[in-house]
Amino acid sequence: MSDRVEAAQKLASRVFGTVHGTLKPQVICDHGEGIYLFDKNGKRYIDFSGGPHVVSIGHGNRQVREAMVRQMEKVSFFFCSFWLNEPLKALAERISKVTPPNFTMCQFCNSGSEANETAIKIAHQYHVERGKPEKYMVISRWQGYHGMTLGALSASGHTTRRLKFEPLLHQWPKIGAPLCYRCAYDLSYPGCKIKCARALEEIINQVGPQYVAAFMAESIGGAGTACMVPVSEYYPMIREICDKYDVLFIDDEIICGFGRTGKWFGIEHWGVRPDIMTSAKGMTGGYTPMAVVIIDQKIDKVFTEKGASFIHAFTMEGNPVSAVACLTVIDIIENEGLVERSARLGEYFFKKGREKLSRHPTIGDIRGKGLLMGIELVKNRETKESFDPALRVANRLQQIAMEKGVMGYPTAGMDNGVRGDAFLVSPPFIITEEEIDVAFDMLDEAFTDFERSLNVSIK
Ligand SMILES: Cc1ncc(COP(=O)(O)O)c(C=O)c1O
């Protein structure tokens, strides 16, 4: 083992948390440029995971760097509760230009988990201000993921991420994920009559609508469902049920927001307007920690009419350097037509991905939208049997892919929360068709080696 790897391992072992037991990093990341990351030895990797799902405009963008430096030369920090914040105001205005007109307010935070935490509190205080303080429950979905903090984790149905913290979590009800590949209700579309959406109404009635504050869901699934795309009827039905029972619809756009799926926000694929949207990753492009809660005017109106302030503040929220970074990232996304590009390239991305990878016997399903793809790994394609979780096959695949020079994101839990593995890919929006070809060629080779290591081969 080289001195560098040893030093990196020592360093990594001092960093406490990893995502659901991902393997310890082996390689020091040195720098990034466009769609590439480079290690200390100068080896180049295609950042086909985009972070995961973070890197939208590519690494090392000069415009963003210069904008951040200009702001740092003026001032790097002031507390939002003491000062008006011009960069943040400009960012809120910028965001309002790309969201549907029903959204009139933004609350900024530093991470996706904080944004979802914040959204839960806004939803509850909204009901409190309306004289309905008993509306507190947040219904969500099994295999959904909304963050690591306790409120966001309570709304998350990602079993492996919850298990050890269960006693600390709010025991809020959950419904099955709208994942047709592994239907939670053992039904098939369209005969199912969208049971996964109707389940929301059933559970609201079971627990009592007077106790339900909100329904929270990722528009298109992330880590726990490997980019699940619900059927077209799903969100219109969810919207109707939420309206019927005075329940707010919180749409988690932490991954999908700001162009990842070929629309500014994933939920736009269904033409449905949520009451609250949270977003983070792509809006920052990875240049800074930042997240936003985008709030409907009906909530704005209640707080305004009551003269109520939202009891909430993070010291670092709305950092002006982060605000100009996000502003510049969104400008670049808009000026360079990257949302349209994500939609257009997305077609190519899925065509090529299926063409190059479908023959692999360990691939059960390839799903997603735009530049967000989930590849579900199975032991048996016919029966959809998943691998023994102890094998951590997605992590193994990631290691092999990295050796080939391509990054992806290993995840698990799509088979009832405790089994099922997947490998997600979501490249920067600036990737070209040629680069997509190269990345899938590398992944094709990685799958071949991976399958060889499992003694599975293409017949
Ligand atoms: C859909 C979704 N929501 C929330 C989060 C939490 O965001 P963060 O890791 O920035 O706290 C994530 C993170 O991956 C996510 O994918």
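## Packing of helices α13 and α15

In this predicted model, helix α13 (residues 338-357) packs against helix α15 (residues 433-453) at an angle of about 30°, and their axes lie 10 Å apart. Because angles under 35 degrees count as roughly parallel, α13 is classed as roughly parallel to α15. The crossing of the two helices is right-handed.

On the α13 side, the contacts are made by Leu345, Tyr348, Phe349, Lys352, Gly353, Lys356 and Leu357. Their partners in α15 are Glu433, Ile436, Asp437, Phe440, Asp441, Leu443, Asp444 and Phe447.

Glu218 belongs to strand β7, which spans residues 212-218. The residue is buried yet forms no salt bridge. Arg141 provides the nearest side chain of opposite charge, at 4.8 Å, whereas a salt bridge requires a side-chain nitrogen of Lys or Arg within 4 Å of a carboxyl oxygen of Asp or Glu.

Leaving aside residues up to four places away in sequence, Glu218 touches Arg141, Gln143, Gly144, Tyr145 and His146, together with Ala223, Tyr235, Asp251 and Asp252.

Val98 is part of helix α4 (residues 86-98). Its relative accessibility is 9%, so Val98 counts as buried; the cut-off for that class is under 20%.

Residues up to four places away in sequence apart, Val98 is in contact with Phe258, Trp264, Phe265, Glu268 and Glu334. Leu168 lies 70 residues from Val98 along the chain, and the C-alpha atoms of these two residues are separated by 37 Å.

Definitions and conventions
Residues are numbered from 1 along each chain as its sequence is written. This is a predicted model: local features need pLDDT of at least 70, side-chain atom pairs count only at pLDDT 80 or more; totals for chains, interfaces and linings use all residues. Side-chain values use heavy atoms; hydrogens and water are left out. Helices (H or I, at least four residues) and strands (E, at least two) are DSSP runs, numbered from the N terminus. Buried means under 20% relative accessible area, exposed over 50%, partly exposed in between (1.4 Å probe, protein chains only). Contact means heavy atoms within 4.5 Å. Lys and Arg count as positive and Asp and Glu as negative; His and the chain ends are not counted. Axes are lines fitted to C-alpha atoms, for helices over the stretch in contact, and angles run from 0 to 180 degrees between N-to-C directions. Angles under 35 degrees count as roughly parallel, over 145 as roughly antiparallel, 65 to 115 as roughly perpendicular and the rest as oblique. A crossing is left-handed if the near helix is turned anticlockwise from the far one by less than a right angle, and right-handed if clockwise.
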